[in-house]
Amino acid sequence: MESTPNHVTQRNISRHAALRLASAALDEAERLGIHVNAAVVDRHGTLMAFLRMPEASLFSSQTAMDKAYSAASARMPTARWEAALSDYPPLIQHNILQRPRLVVFGGGIPVDVDGEVIGAIGVSGGSVEEDVQCAEAGLAALRG
């Protein structure tokens, strides 16, 4: 009988990919004429890259980081939380919504490779729709 090694390999986003994601998100914001912050975290939610447009709200800096953290932690886009919570009773919904750093509106999207989440991007500073569009532009640049 063959033995199997007792180790697990986990892929993680590289610093180069993290910077490319954040930069492409800001390029999209510039194209849209808005000012945003973009954060990229690794698979564990640790900040890997952060870019801020000079005119972007300082308040939204932390929101961008929290969107990325939320997307990486839950392994799903932050825009999906409303639907994900809808089947739970109000007490459970309330409890989940009290989690520190949890963002439950659009702008945070996981980065996956072959179905494995290796990180996430979070964008904040525009409307929810604009933040999602910028985050998606970051993902497209990474895949393109």
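Helix α1 (residues 15–32) lies across β1, β2, β3 and β4, and it runs at about 25° to β2. Welcome to a short tour of this predicted model, in which local features need pLDDT of at least 70, side-chain atom pairs count only at pLDDT 80 or more, and totals for chains, interfaces and linings use all residues. Residues are numbered from 1 along each chain as its sequence is written, and side-chain values use heavy atoms, with hydrogens and water left out. Helices (H or I, at least four residues) and strands (E, at least two) are DSSP runs, numbered from the N terminus.

**The sheet**

- Four strands make up an open sheet with antiparallel pairing, in the order β2-β1-β4-β3; strands count as paired if DSSP finds at least two bridges between them.
- The edges are taken by β2 (47–52) and β3 (108–113), each with a single partner strand, so one side of each has no neighbour in the sheet.
- On average, neighbouring strands are turned by 15° against each other, direction ignored.
- In the antiparallel pair of β1 (residues 37–42) and β4 (residues 116–124) there are six bridges, and Asn 37 stands opposite Ser 124 in β4.

**Helices on the sheet and on each other**

- Helix α2 (residues 59–74) also packs on the sheet, where it touches β1, β2, β3 and β4, and its direction makes about 155° with that of β4.
- Such angles run from 0 to 180 degrees between N-to-C directions, with axes fitted as lines to C-alpha atoms, for helices over the stretch in contact.
- α1 packs against helix α5 (residues 128–143) at an angle of about 135°, and their axes are 7 Å apart.
- The two helices, α1 and α5, are therefore oblique to each other (angles under 35 degrees count as roughly parallel, over 145 as roughly antiparallel, 65 to 115 as roughly perpendicular and the rest as oblique).

**Two residues with positive phi**

- Arg 101 is not a glycine, yet its phi is positive, about 75°; its place is in the loop between α4 (90–97) and β3.
- With a relative accessible area of 35%, Arg 101 is partly exposed (buried means under 20%, exposed over 50%, partly exposed in between, with a 1.4 Å probe and protein chains only).
- Asp 114, in the loop between β3 and β4, also has a positive phi, near 55°.
- Asp 114 is exposed, with a relative accessible area of 71%.

Terms used
Contact means heavy atoms within 4.5 Å.
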